Amino acid sequence: MNVNQQTPMASPYGPPQPGYGQPSYAPLGGGYPGPYGPYNGPAAAYQPGAPPQGPARGPLTSAPRPVSTPQAYSQYPQGDSQNGPPPMDHSMAQPAHRSPVSQPYSQGAMNLSGPHPSYSQQYGAPPPMQQVTNQMSGMQIGSGPPTSVGPGYAHHPSTQPPISAAYSSAAPPSYTQAPPLSAAPSQPPPPSEPAASQPYYGGPPPPQQQPFPSAHHPSQPFVSSSPYLGPPSQPQAPPVSQQQSFPPGPPAQQPFPNSAPPPVSQASYSGPPPLTQHSFPPSSQSGPFPPISISPSQYPGPQPQSQPGPPPFHSGPSPRGPVPPPSMSQQQANHLPPGPMQQQQPPQPGMQGGYPTQQNGAFGQPRGPQPGYAGPQYPGQQNYGAGPAPAPAPPAQKRLDPDSIPSPQASELPAVQKSRHRIDPDAIPSPIQVIEDDRVNKSSEPFTTGVKGQAPPLVTTNFQVKDQGNASPRFIRCTAYNMPCTADMAKQSQVPLAAVIKPLAMLPPDETPPYIVDHGEGGPIRCNRCKAYMCPYMQFIEGGRRFQCGFCSCVTEVPPHYFQHLDHTGKRVDCYDRPELSQGSYEFVATVDYCKNNKLPQPPSFIFFIDVSYNAVKSGMVNIVCQELKTLLDYLPRENPEADSVVRVGFVTYNKVLHFYNVKSSLAQPQMMVVSDVSDMFLPLLDGFLVGVNDSRMVIESLLDQIPEMFADTRETETVFGPVIQAGLEALKAADCAGKLFVFHSTLPIAEAPGKLKNREDKKLVGTDKEKSLFQPQSGFYSNLSKECVAQGCCVDLFLFPNQYVDVATLGVVPVSTGGSVYKYTYFQAETDRERFLNDLRRDVQKPMGFDAVMRVRTSTGIRATDFFGSFFMSNTTDVELAGLDCDKTVTVEFRHDDKLSEDTGALMQCAVLYTSCSGQRRLRVHNMAVNCCSQLADLYRNCETDTIINFFSKYAYRSILNTPTKTVRDTMVNQCAQILACYRKNCASPSSAGQLILPECMKLLPVYLNCVLKSDVLQPGADISLDDRAYLRQLLSCMDVSESHIFFYPRLLPLVKLDGGSLPMAVRNSEERLSKGGVYLLETGLHLFLWVGANAQQELLSNIFGTPTFSQIDPNMTSLPELDNPFSQRLREIIDSFRSQRSRYMKLMVVKQEDKAELIFKHFLCEDKSTSGGASYVDFLCHMHKEIRQLLS
């Protein structure tokens, strides 16, 4: 599938803005300059200094560095001149090793179908007409909207007349190349047509856009995933060794020192026969800069191929020889160095300027058609091979396909311009395109879980799940659905083996929640040895009298009451009547044996602790909480919506002393009891503290009315915090129940009391080895207190309203250890933050949750759970203890091998959670998951889930900063990611020039997402990020599920142009280049919503959204949109509401006007651009990643 996931055109919104720092590359002649150019800024992770020329950094774990492949990547020794893509990283770009441009590249035409020279490229014979037609049927070259071409995602060329040369006058200021290479204008359409240029992926680009971004600059890491869609036999341009120059800037990597340009990835439009078999193309693709090739590995279905020749999909390195066997051509096609056999065709009239004249990295002037070969013809299109070809297009019309990246001829550039290269962002894998393709391909059919080892749709796709024996991906997502059979293989690949488990996840209305199974007094049926619960993986034998455990193979007697006969296939005849035998997820009613102290639990209680110090009262927080609780108490959690909730409630206010309230139903007025000895906390009353809401409603309402009045004139500024938690714990102990404390707190607890804290905020430590101490709690007091809370089932949710440092790293210890949550409202103002706080509070009080929970993950022989991430406490190595577990919390589990796995049996895991429901019933929720095992690395790389890998990596990194300097953590992550990709390159991709960056199809977004993690505020903070914010985000991420971590790291940017119908507009990539001054965009980060308004937005648009036609009249302080009576306004508000409903935290809306000061905050979330804190742009990071991979391979 073609990886260019970019919009089918050049940047949709006009030329890149001049200020956008484009990476520049070093002069041709020299090696790399000391500092790594593209990374400007103090990015600690990529320190300036000469790049290491020696061995790469050690791997993250103790894994050995991957050994080099048996075959060299290019068949030429490093010193030979080769037409492959040039090296992309510093260490490799030493011109000394390369001969001058005299590549063995025959400029003469050559018959593609004749014998091929022994270059490493392999072309098969030209595809027969039928194949070409089949292939083209998936790709629209005519007019009319293209069909959604499943997996291949090259952009559909549109049928427009060739663009006139004048078009190139709009070249973006950023690359001043002298005479335009004969390439199509390399710039996006002018911004004057915002609406037109809005790409709706999948439609042919509007006429004024070029179908393929022609802004490919030579060094784009062209990333293309293997199959590309395009007409066959593309013109080939001769290699050029020079680079285009770009605006001055520190020179950075120079991709190819005087060597042939990198091969362009599959863009070579030589239509291969349609692939019918999609087994797994480790095909790497070539692309120039780091030609990135993505091997399609995961999308089933025929895919068009790139070079003529047989389908590539086979896994494992493919042999390279002069003529590939049919099954490999695609792989090779994907990264061939340009060679004599490529032919050039004049542009096809129907396309602008013809197809790209570049094929496989040959840049420069188009060559004439090859004499002996009349290219295949597509129905309705002119022949564009030799023979009666149309006259060659004028140079300025040369069209590029997204997979190829042109470079001007050396002779065309002035000397100063020969030195720099820029990678076109449109030529590298686009998250938007991957998300869109997954949505198109996988949202229509329900995802059935019965197929073992099948990767689910992405978290961004809206799909329905049918449970057929494995847990739904809403409950469990794995990093890899093919586990390596051996520990050595796992170590070699460095792909983390982990599962993100969300045991109590809410399901959409069209899916059935897990069934509840009650086996009566006997309780659930379990394996005698490993204690796994009955599940679909148990094998009944001896006519049904015994069963063999799928986890440990032990044989257990079936209790008489559970006996049932087997049918002719060996299944029980009641298999489909029992959820535990046919479903992946279900619940058992637990017996008294599963209860604490062997007695059934009491219903849980909620206790509200309200800070009534000066800051809390002045901000309006106390008043808002008290007013809201009066209505919120009617919405306490319950299982039966018709019945009243059995949860009891209690109330306490505090500053540096605690005030308990007796709200017994028999009282006319509430009574206050003050405990001023906070050093030895006790509960001053038992009867009347925890009450049923309906019994004591009048007294409770009276209390909530009085609290704001009682403390309205307080002058007390100091608060305590430790005694507050101790008081709640004592109250739950006295009532002998589990429960939850809701603590509303405003300041650093500096009053004399247990758990007193001091202000230790020290910005000077940021970036030093001592920085890690700022994320650790100040003392062991709260860690010990949280252990007591977990033992009692006391979960703590903390709502913070700070105006200055409050040491979230320490205050958050109890919430994080007890399965609770921290909510933070910095500089809380009643009028602007009220809505966000109240929505969070309502959801927090109402959401389904379990109390006093214990979770254990069992696995089949060969692997075991070794590490856990999330909000919980562990007193031993196997049991995850949670005082509270709600529907938003996840626990991430890492697995390691302790023996070999077998491909026949696969690997099994069972997550069992024992908890008390909100009605007081003890339950066991069981989720089962079976994955395949593989002995070939190619199978592992075919079935990974990048979003889950990033979720795991981010949690691992965020935890590591407690003990390791952040720079080391970032370097470790880069190194592990490089090892994952280098292992793929070495063992699964067909050999190719080292200058290409080859990515596995299902991991082609790993670099962009990893860069977002590395640039996040926790790992690479800007100067304006407080320590409290970093500690808050670190704790927040620890229990995020995959869909939330995805939007957190790669926010969703929607252009608000046409909002007709029920579908959302197509998102655009997170880069300032994608913003049009004439547009309005909605950015969702999972914690915030931004509405960015361009300075030239149309009056009609502004009137529809804000009710005012002029930009200057928009109020940037509004937090909600006016309710206007027009379809656009209604639809926009519906979209905002639906985004909010999908997230666990309410997202406050910020209106950002272009060039306003708030725009800096907005731009901070445009994660494909450089960050102000020194984080690399996506393009620069991809180059850096390529360099790391090449160091590992060399």
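**Exercise 1. Which residues in H17 meet which residues in H23?**

Before starting, keep in mind that this is a predicted model.

Solution. Start on the H17 side: Pro1007, Val1008, Leu1010, Asn1011 and Leu1014 make the contact. Their partners in H23 are Tyr1178, Phe1181, Leu1182 and Met1185. Now sort them by class: the contact of H17 with H23 has eight nonpolar residues, one polar and no charged ones.

Next, the geometry. Two packed helices are described by the angle between their axes and the distance between the axes. Here H17 covers residues 1006–1014 and H23 covers residues 1178–1193. Their axes come within 9 Å and cross at roughly 105°. Angles of 65 to 115 degrees count as roughly perpendicular, so H17 is roughly perpendicular to H23.

**Exercise 2. Check the length of H16 against expectation, then decide how enclosed H16 is.**

Solution. First, H16 runs over residues 966–987, which gives 22 residues. From first C-alpha to last it reaches 32 Å, close to the 32 Å expected at 1.5 Å a residue. Then look at burial: 19 of the 22 residues are buried, so H16 is largely enclosed by the rest of the structure.

**Exercise 3. Is aspartate 833 buried or exposed, and what is it in contact with?**

Solution. Find aspartate 833 in helix H13, residues 830–846. Its relative accessibility is 5%; anything under 20% is buried, so aspartate 833 counts as buried. Skip its neighbours within four places in sequence, and aspartate 833 is in contact with Tyr827, Phe828 and Lys1148.

**Exercise 4. Describe the surroundings of valine 617.**

Solution. Begin with helix H6, residues 614–618, where valine 617 lies. Leaving out neighbours within four places in sequence, valine 617 has contacts with Val612, Val622, Phe711, Ala712 and Thr714. Finish with serine 746: 129 residues separate it from valine 617 in sequence, while their C-alpha atoms are 9.6 Å apart in space.

Note on methods: Residues numbered from 1 in each chain as written. Predicted model: local features only at pLDDT ≥ 70, side-chain atom pairs only at ≥ 80, totals over all residues. Heavy atoms only, no water. Helix = DSSP H or I, 4+ residues; strand = E, 2+ residues; numbered from the N terminus. Expected span 1.5 Å × (residues − 1). Buried < 20%, exposed > 50% of the residue type's maximum accessible area, 1.4 Å probe, protein only. Axes fitted to C-alpha atoms, helices over the stretch in contact; angles between N-to-C directions. Parallel < 35°, antiparallel > 145°, perpendicular 65-115°, else oblique. Contact = heavy atoms within 4.5 Å. Nonpolar A, V, L, I, M, F, W, Y, C, P; charged D, E, K, R; others polar.
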